[in-house]
Amino acid sequence: MSDQPTVPLAFEAISPQESRARLEKFATRLRKRRTVRDFSPDPVARDIIEQAILAAGSAPSGANQQPWTFVAISDPAIKSRIRQAAEAEEKAFYEGRAGEEWLDALAPLGTDWEKPFLETAPWLIAIFMQRWGQGPDGRRVKHYYALESVGIAIGFLIAALHEAGLATLTHTPSPMGFLNEICGRPDNEKAIVLLVVGKPADGCRVPAITKKSLDEIARFI
Ligand SMILES: Cc1cc2nc3c(=O)[nH]c(=O)nc-3n(C[C@H](O)[C@H](O)[C@H](O)COP(=O)(O)O)c2cc1C
């Protein structure tokens with residue numbers, strides 16, 4: 001055993017029945033999450049966003065380097081700049097860069113280059129991956145499995161916001177370099193996702209899509 005300091009694990013032993021009951025509840029709730037593209041302008045309190053970001057920040061990460069920065073944006077002027085920049089990229093994407101195959105894959109979702117939700121929704125959270133860090137002496141510190149770590153943290157964030165009764169849209173206007181400038185993030189950071197957060201608009205509808213069955217996604221060996 002190493003001589004690094006340790007603390008007792010906060011572990012709660014539960015019965016298999018309790019596991020099943022909890023999972024049933026949790027999975028049922030998770031299955032109700034849907035990506036929303038029609039948001040209400042209703043405000044959402046900042047402390048709710050803070051708690052959700054803290055939940056995301058509890059995610060596991062390579063060597064516990066926590067290589068993420070969450071930029072939460074509610075300022076209408078900044079949201080408007082983001083919308084303009086994102087729509088410029090998305091227009092180029094939908095009108096050529098995407099190519100037929102990608103557009104075919106997107107067809108069931110009915111999306112296009114216009115992104116009014118970037119201004120309507122009360123919050124945008126830009127999640128940046130720190131490709132490398134900085135040691136106390138200013139030297140570059142390599143980050144291990146940064147992309148995997150950030151992906152997991154984003155999953156925690158989406159689940160936490162869903163649990164808080166909020167809707168999200170995982171948005172990835174491509175490329176997202178404009179977010180560094182607008183959010184004032186340094187060159188070692190790369191935007192991975194722009195999460196749109198708020199309540200769904202009244203009467204919001206979502207694409208009629210399905211999820212794969214257990215047989216299709218899992219193998220037990
Ligand atoms: C990495 C990633 C990027 C995505 N990018 C976009 C996007 O740019 N625009 C969009 O409308 N939806 C985007 N989505 C949402 C997916 O289209 C959506 O998750 C998928 O259709 C399944 O629907 P559901 O989230 O309602 O289950 C993205 C999702 C993921 C995980």
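## A walk through a predicted protein model

Let us start with helix α1 (residues 16-31): its 16 residues should span 22 Å at 1.5 Å a residue, and the end C-alpha atoms are 22 Å apart, which agrees. The expected span of a helix is 1.5 Å times one less than its number of residues. Helices (H or I, at least four residues) and strands (E, at least two) are DSSP runs, numbered from the N terminus. This is a predicted model, in which local features need pLDDT of at least 70 and side-chain atom pairs count only at pLDDT 80 or more, while totals for chains, interfaces and linings use all residues. Residues are numbered from 1 along each chain as its sequence is written.

**The whole chain**

The protein has 8 helices and 6 strands. Read from the N terminus, the elements follow the order α-α-β-α-α-α-β-β-β-α-β-α-β-α. The C-alpha trace spans about 60 × 50 × 40 Å along its principal axes. How confident is the predictor? The score to look at is pLDDT, the predictor's confidence in each residue, from 0 to 100. Its mean over the protein is 97, and 100% of the residues reach 70 or more. Among the elements, helix α2 (residues 46-57) has the highest mean pLDDT (99) and helix α4 (residues 99-106) the lowest (92).

Two residues are in contact if their C-beta atoms, placed from the backbone, lie within 7 Å. Of the contacts with a separation of 6 or more, 81% are between residues 24 or more positions apart.

**Buried and exposed**

A residue is buried if 20 or more other C-beta atoms lie within 10 Å of its own, exposed if 12 or fewer, and partly exposed in between, with C-beta atoms placed from the backbone. Buried residues make up 25% of the 221 residues. In α1, the count of buried residues is 0.

Helix α6 (residues 146-163) has 18 residues and reaches 26 Å from its first C-alpha to its last, close to the expected 26 Å. Its buried residues include Ala146, Val150, Ile154 and Leu161. Among the elements that cover the buried residues of α6 are α2, β1 (68-73) and β2. Just after α6, Gly165 takes a positive phi of about 80°.

**Strands side by side**

Strand β2 (residues 123-130) is largely enclosed by the rest of the structure, because 8 of its 8 residues are buried. In a regular strand the side chains alternate between the two faces of the sheet. On one side of β2 are Trp123, Ile125, Ile127 and Met129, and on the other Leu124, Ala126, Phe128 and Gln130. Strand β6 (residues 189-198) is mostly covered too, with 9 of its 10 residues buried.

Two strands pair if DSSP finds at least two bridges between them.

| Strands | Sense | Bridges |
|---|---|---|
| β1 and β2 | antiparallel | 6 bridges |
| β2 and β6 | antiparallel | 8 bridges |
| β5 (residues 167-171) and β6 | antiparallel | 5 bridges |

Which residue of β2 is the bridge partner of Val71? The partner is Ala126, and Ala126 also stands opposite Leu194 in β6. Ile125 faces Leu195 in β6, while Thr168 has Val197 of β6 as its bridge partner.

**Around the ligand**

A residue is near a molecule or strand if its C-beta atom, placed from the backbone, lies within 6 Å of it. Residues surrounding the ligand include Arg34, Thr35, Leu109, His171 and Ile209. By class, this shell has 4 nonpolar, 5 polar and 2 charged residues. Ala, Val, Leu, Ile, Met, Phe, Trp, Tyr, Cys and Pro count as nonpolar, Asp, Glu, Lys and Arg as charged, and the others, Gly among them, as polar.
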